[in-house]
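Hi everyone, thanks for coming. Let me put the sequence and the model up on the screen, and then we can walk through a few places together.

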Amino acid sequence: MMDWTDSNCRVFHRMMSRRALLYTEMVTAPAIVHGDRGRLLDFDAGEHPLALQIGGSDPAELRQATRIAADWGYDEINLNVGCPSDRVQSGCFGAVLMKTPDLVAECVSGMIAVSPVEVTVKCRIGVDDQQAADVLPDFLGKMRQAGIRRMTIHARKAWLQGLSPRENREVPPLDYPLVHAMKREFPDLHLSVNGGISDLEAARAHLTVMDGVMIGRAAYHQPWQVLGQADLLWDSPPPFEDARQVAQAMRPRIIAHLERGGRLHQFTRHMLGLFHGQPGARGWKRTLSEGSGGGIEVYDAALAQLAPVEA
């Protein structure tokens, strides 16, 4: 979710669910060590519970980045070993690390040693021509031996040559049975499944086997249908009854953002799908897109595109 799940996005998503664990964009360890740490790591206190997602492959650098991030108070530090992005491969991290599990084990062992919160791993079932049924249990076993207790498994292989990042989310077949089998093989690990899960009904089905479910793009593009009802998975009432209430609750946040010199688009680009499938959704999306450089009057005009609330 690089370039998507920034702090503004997470503030919006947290409005809809008190319980879901949110993840940052992936931040590289070199950027944390050498870059603008405030810009990369700052977040709104209301975003908790929040996991910092790190990319990297140098054990010493990851250890240093984890030690630095500890001061920010994240609830979890996650090492991404699943992203197939070209930018990620060129930096020798992400899904390509599935080929070097011993290196990943060294990385996470060092991270655990300096982290005040739990270190977790997100991976694929394998890459390229690897036999997933052989590679995945070996990978999980080495992570467990290194001290990892929680992992998220994207139920597809990553093809590092010949497929774009988008195609890697759609073309390789999903293998949920293999991921479910890993829970049976590693009952002591907290295992979540990711990939191709687009609604809460599918999530509930996976939760009969798995400990958790990660939903990415469906939660972004259809936030009300996913996040707006997510707390029901914990048998807790959602914070709002409908998407319009969420939009109204966001209005003061957006005004404060504008008063600090921010741009409307920095919030509303994450909100285009809030009314997905509802009357007026097209007008809401068009008004926000066309008026992205405007002020709160554009937001109010977008709200006016929605169908009137029935008495």
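A quick definition to begin: helices (H or I, at least four residues) and strands (E, at least two) are DSSP runs, numbered from the N terminus. With that in hand, P49 lies in the loop between α3 (37-41) and β2 (50-55).

Some housekeeping before I go on. This is a predicted model, where local features need pLDDT of at least 70 and side-chain atom pairs count only at pLDDT 80 or more, while totals for chains, interfaces and linings use all residues. Residues are numbered from 1 along each chain as its sequence is written, and side-chain values use heavy atoms, with hydrogens and water left out.

Back to P49, then. The peptide bond joining H48 and P49 is cis, with omega at about 0°. As background, most residues other than glycine have a negative phi, and most peptide bonds are trans. Two aspartates go on the list for phi. D128, in the loop between β4 (118-124) and α7, has a positive phi near 50°. D235, in the loop between α12 (223-226) and α13, has a positive phi near 60°. Are these two buried or exposed? For the terms, buried means under 20% relative accessible area, exposed over 50%, and partly exposed in between, with a 1.4 Å probe and protein chains only. D128 counts as buried because its relative accessibility is 14%, whereas D235 is exposed at 73%.

Now the core. By a nonpolar core I mean a set of buried Ala, Val, Leu, Ile, Met, Phe, Trp, Tyr and Cys residues joined through side-chain atoms within 4.5 Å. The largest one here has 87 residues, and F139, L274, W284 and Y299 have the most contacts inside it. Helix α7 (residues 132-146) gives this core its largest share, seven residues. Taking contact as heavy atoms within 4.5 Å, and leaving aside neighbours within four places in sequence, F139 touches V81, L97, M98, P101, V104, V121, C123 and M151.

Axes are lines fitted to C-alpha atoms, for helices over the stretch in contact, and angles run from 0 to 180 degrees between N-to-C directions. Helix α15 (residues 281-290) and helix α16 (residues 296-303) pack at about 165°, with axes 8 Å apart. The two are therefore roughly antiparallel, a label for angles over 145 degrees, with under 35 being roughly parallel, 65 to 115 roughly perpendicular and the rest oblique. At the contact, W284, T287 and L288 in α15 meet V298, Y299, A301, A302 and L303 in α16.

Which residues bring α1 and α13 together? First the geometry: the axes of α1 and helix α13 (residues 243-259) come within 10 Å and cross at roughly 150°, which means that α1 is roughly antiparallel to α13. On the α1 side the contact is made by N8, V11, F12, M15 and M16, and on the α13 side by V246, A249, M250, R253 and H257.

Let me finish at N8, which sits in helix α1. N8 is buried, because its relative accessible area is 18%. Beyond its neighbours within four places in sequence, N8 is in contact with H257, Q266, F267 and H270. M2, in the segment before α1 (7-16), counts as partly exposed because its relative accessibility is 21%.
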